Amino acid sequence: MANDSTEEPLGKESPEPECNIYEEVKWFNKAEQNQRMAVEELINTETSYVHNLQLCISDIRDHLQKKQLPGIDVEGLFSNIDDVLHISRHFLTGLEAMANQEHEQLLHISTLFQELKEEMENIYKVYCGSCDQALLLLDIYRNDPRLQKEILDTLHTTVPHTGASDLSFFLVMPVQRVTKYPLLLQKILENTLDSDSAYEALSAATKAMAEVNANINEYKRRKEVADKYNKAGYLTLRERLARLNTHSITKKTTRLSRLFMHEAGIIPKTEDKEFDDLEEKFQWLASGIADLKENVAYFLSNTEMFLGSKPHENELDIEEGTRQQCCRLAGKLNSTILPEFKKRLKRLVYLPLCNLSETLKGPQSLIRKRLDKLLDYEELEEKRNETGSVTYEEEATMNTYLAINSLLVSELPVFNLVALKWLEQILHTFVVLQRDLAKQVLQEAEGEMAQLLHKHLPEADFWKMVKDTLSQAENQLYSFSRKFESVMPSPVVQPLSPAEERRVLLLVNKHGLDKLYQVTSNISGSKDMDLTLQRGQIVALLHDVDTKGNSNRWLVDAGGPRGYIPSGKVQPYHLVQNQKSKMEMLAPNDEAEKRHHSYNSPATPSPPINFITPAFQVVAGYAFTGRSNHEVSLTPGQPVTVLESHDKKGSKEWSLVEVNGQKGYVPSSYLVVVPTPEPPGWNSPAWLLPAQQT
């Protein structure tokens, strides 16, 4: 009985381990099957995805490009889809290489994802960031029946077997695919044993692709913030005024007061060395591009002036044969070589510079917006430190600054590098064009020189003849210049306008003569505290360093606005005696303000027996177009007869004048007093005219 009792429970328990083993084997087989199916799904869907990408590029996009429809932005629709296809082909090739090696396949898939992680992120980041804009373009095209018909005809002609009814089916494929990778990897991972050798690698690959998608989403969010604030630069005046309200005015006032406290040193600034270095490089690059663009524009203008002159049509006082050769050379330069050079220069140098300058507007706008958001961020950060919390809207404002700052820190280095390479290529092209021009001119000149009468002279005799000819020409030019200076002496300095004279007088009274500087070239302010000035303007130096101790930026007074300018674009300004006397004439008179307009003739003193009328006349200083029958038009330098120095209401801002027999009103500030040109033969210089009295 004892034996029976002990054997009976053993007989009942023996089937239990067999059942557990059976269940474990059953689960393992099912997991292995699911794993294999998940891997097959990854490979098969990737194959289908690459095939559809090839259709999208080689059939749809190429077909649209061949149509050359003016209303469709093909590049804007398809973005960098070529890069997407390239990385996808590479990835598919790697997947197919290990398709028959089950034991190493999982490890290979994990390694492949991790190796391509960075490249995938960079490529899909660009495509996903521009996909919303592409879909927006597609919506615009749908509203145009002609463009919509062209797109549908392209789909029906090139990919009818896909059944796609809209182009968006193909455009969203890369966005959907990159978000599918973590899910496919997770499905493979769930059906892989923890003890499997590929488990850790699969887990790392899954996390890597999830991180790629998170980075893409963050990039899209930053780009949306940047696009939002870049659009403000294209608002109309009415739209800008519509945005003004109590909240916006309060916010701008708070920012301005905080900015003043920064400049005054009352509160510390938020230091960001990394961003400051990037911004400084960007601003120097922007300044260099602006200067080069201006210089090339001047070069083009001078080239046009040179082309406008036709020396080959003039009579040259030289030998007939030599004259004909000079005329042929000048005619060839004027009709063929120089116009072609100007055309190439504009197409290959100036227009790319304009495009490069245009691309700077986006980062410049974002940098200015970053400063505004930084001021808001500092204000809210102080509030959070004091109260311990901020509202949801305030938290969003702080996140906006962080997003803009993060975007600039990550994108500015790339932008600076690309812009620098672009600028380098433009300069290289400019040098090549100059070299080609010199080569062409030299070839033409050598061809004409071969026909000169003196081509067979020995080298020593030839150079002696050249030196003698140049010496004779130099003596003639010197004699002519001396005679010209005695008949028509040029003024010592270019006269200032009355408004500029008054501003210079104000600067002298406030800061002294030794502080005056003149702007040598146009200055375009790129920062909030920078000034925009024209060449020739007079400023007064306040500080020779900025708040960071940078001696390349000076704080100046421009006769009203104050701000920073590059120190290399100004030079000391010195008043000559004639200008000092004019300044004294503009100084206020304590007895009576007799001078109300810039064109008032000098007061006539008590005439002696032999009275001589002062040699002054009133001319138009600026162009003015009459807008009614009561006004007359002016051209610069046109003589004007002043009838009344005020209008019918007694206002001194308008004057009644007579021009070419017509009477009417013009702005008083448009008229200036100039010395009357002296007849030939007079020797009295312009700066010895009688002093003008007020």
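This is a predicted model: local features need pLDDT of at least 70, side-chain atom pairs count only at pLDDT 80 or more; totals for chains, interfaces and linings use all residues.

Reader: Is C128 buried or exposed?

Author: Buried means under 20% relative accessible area. C128 has 3%, so it counts as buried.

Reader: And what is C128 in contact with, leaving aside its neighbours within four places in sequence?

Author: C128 is in contact with V175, V178, I216 and K220. Chain distance and spatial distance are separate things to look at, too: C128 and N217 are 89 residues apart in sequence, yet 8.6 Å apart in space, C-alpha to C-alpha.

Reader: How do I read two packed helices?

Author: Two packed helices are described by the angle between their axes and the distance between the axes. Here, α6 (residues 117-142) packs with α7 (residues 145-158) at about 115°, and their axes are 6 Å apart. That angle makes α6 roughly perpendicular to α7.

Reader: Which residues meet there?

Author: From α6 you have L138, Y141 and R142, and from α7 L147, Q148 and I151. By class, that contact has 4 nonpolar, 1 polar and 1 charged residues.

Reader: What about nonpolar cores?

Author: In soluble globular proteins, nonpolar side chains tend to be buried together. In this model the largest nonpolar core has 58 residues, and L77, F78, F113, Y124, L167 and Y181 touch the most other members. Helix α2 (residues 15-67) gives the most to this core, with 12 residues. Another core, of 35 residues, lies apart from it, with F275 and V409 among them.

Reader: What does L167 touch, not counting residues up to four places away in sequence?

Author: L167 touches I60, L77, F78, L138, I151 and L155.

Conventions
Residues are numbered from 1 along each chain as its sequence is written. Side-chain values use heavy atoms; hydrogens and water are left out. Axes are lines fitted to C-alpha atoms, for helices over the stretch in contact, and angles run from 0 to 180 degrees between N-to-C directions. Helices (H or I, at least four residues) and strands (E, at least two) are DSSP runs, numbered from the N terminus. Angles under 35 degrees count as roughly parallel, over 145 as roughly antiparallel, 65 to 115 as roughly perpendicular and the rest as oblique. Contact means heavy atoms within 4.5 Å. Ala, Val, Leu, Ile, Met, Phe, Trp, Tyr, Cys and Pro count as nonpolar, Asp, Glu, Lys and Arg as charged, and the others, Gly among them, as polar. A nonpolar core is a set of buried Ala, Val, Leu, Ile, Met, Phe, Trp, Tyr and Cys residues joined through side-chain atoms within 4.5 Å. Buried means under 20% relative accessible area, exposed over 50%, partly exposed in between (1.4 Å probe, protein chains only).
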